[in-house]
Amino acid sequence: MGENAKEIDCPFTPSSSSDYDWCSLDTEFQGRWRYCTGQDPPKCSFPFFFKQKIFHHCTKEGYIFNRSWCSLTKNYNRDRKWKQCSPQNF
């Protein structure tokens, strides 16, 4: 984490499946979460490749909670970096 980044206390164990750590806001993950840094959230990378398709916007495909997400790199299949999109992005 950069020296200008500010840690934010996460109530439950953070996950590092994205470029930025995030944590659940519920004891058992219910889809509510937040980033654990004070930095701006990472930006989506469009277009991105997922499975056999190219996406030009956020998608719900492949997300078990039926919420929209995007890749943080051009090739999700290779890099596995993602973030959940805000509601207005889908």
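This is a predicted model: local features need pLDDT of at least 70, side-chain atom pairs count only at pLDDT 80 or more; totals for chains, interfaces and linings use all residues.
**Ground rules**

I number residues from 1 along each chain as its sequence is written, and I use heavy atoms for side-chain values, leaving out hydrogens and water.

**Entry 1**

Buried means under 20% relative accessible area, exposed means over 50%, and partly exposed lies in between, with a 1.4 Å probe and protein chains only. The core has 10 residues: Phe-48, Phe-50, Phe-55, Cys-58, Tyr-63, Trp-69, Cys-70, Tyr-76, Trp-82 and Cys-85. Strand E3 (48–50) and strand E5 (69–71) each give this core at least two residues. I take strands (E, at least two residues) and helices (H or I, at least four) as DSSP runs, numbered from the N terminus. In soluble globular proteins, nonpolar side chains tend to be buried together.

**Entry 2: disulfides**

I searched the whole structure for disulfides (cysteine sulfur atoms within 2.5 Å) and noted 2. A disulfide is a covalent bond between the sulfur atoms of two cysteines.

One joins Cys-44 to Cys-70, with 2.0 Å between the sulfur atoms. Cys-44 sits in the loop between strand E2 (33–35) and E3, and Cys-70 in strand E5, so this pair links distant parts of the chain, 26 residues apart. The disulfide of Cys-44 and Cys-70 is left-handed because the torsion about its S-S bond is about -80 degrees. Cys-70 is buried, at 0% relative accessibility.

Cys-58 and Cys-85 form a disulfide too, their sulfur atoms 2.0 Å apart. This pair links distant parts of the chain, 27 residues apart: Cys-58 is in the loop between strand E4 (53–55) and E5, and Cys-85 in the segment after strand E6 (82–84). With a torsion of about -85 degrees about the S-S bond, the disulfide of Cys-58 and Cys-85 is left-handed. Both Cys-58 and Cys-85 are buried.

Which residues does Cys-85 contact, leaving aside its neighbours within four places in sequence? I listed Cys-44, Cys-58, Ser-68, Trp-69 and Cys-70, where contact means heavy atoms within 4.5 Å.

**Entry 3: salt bridges**

I looked for salt bridges (a side-chain nitrogen of Lys or Arg within 4 Å of a carboxyl oxygen of Asp or Glu) and noted 2 in the whole structure. Lys-53 and Glu-61 form one, at 3.0 Å from N to O. Lys-53 is partly exposed at 44% relative accessibility, and Glu-61 is partly exposed at 27%. Arg-78 and Asp-79 also form a salt bridge, at 2.9 Å from N to O. Arg-78 is exposed at 59%, whereas Asp-79 is partly exposed at 26%.

**Entry 4: aromatic pairs**

I counted 9 aromatic pairs. Rings of Phe, Tyr and Trp (its six-membered ring) pair if their centres lie within 6.5 Å; planes under 30 degrees apart are stacked, over 60 edge-to-face, and the rest tilted. Tyr-63 and Phe-65 are edge-to-face, 6.0 Å centre to centre with 90 degrees between the planes. Tyr-63 and Trp-82 are also edge-to-face, at 5.7 Å and 65 degrees. Tyr-63 lies in the loop between E4 and E5 and Trp-82 in strand E6, so this pair ties together parts 19 residues apart in sequence. Tyr-63 and Trp-82 are both buried. Ring pairs also link Phe-46, Phe-48, Phe-50, Phe-55, Trp-69 and Tyr-76 into a cluster.

Definitions and conventions
A nonpolar core is a set of buried Ala, Val, Leu, Ile, Met, Phe, Trp, Tyr and Cys residues joined through side-chain atoms within 4.5 Å.
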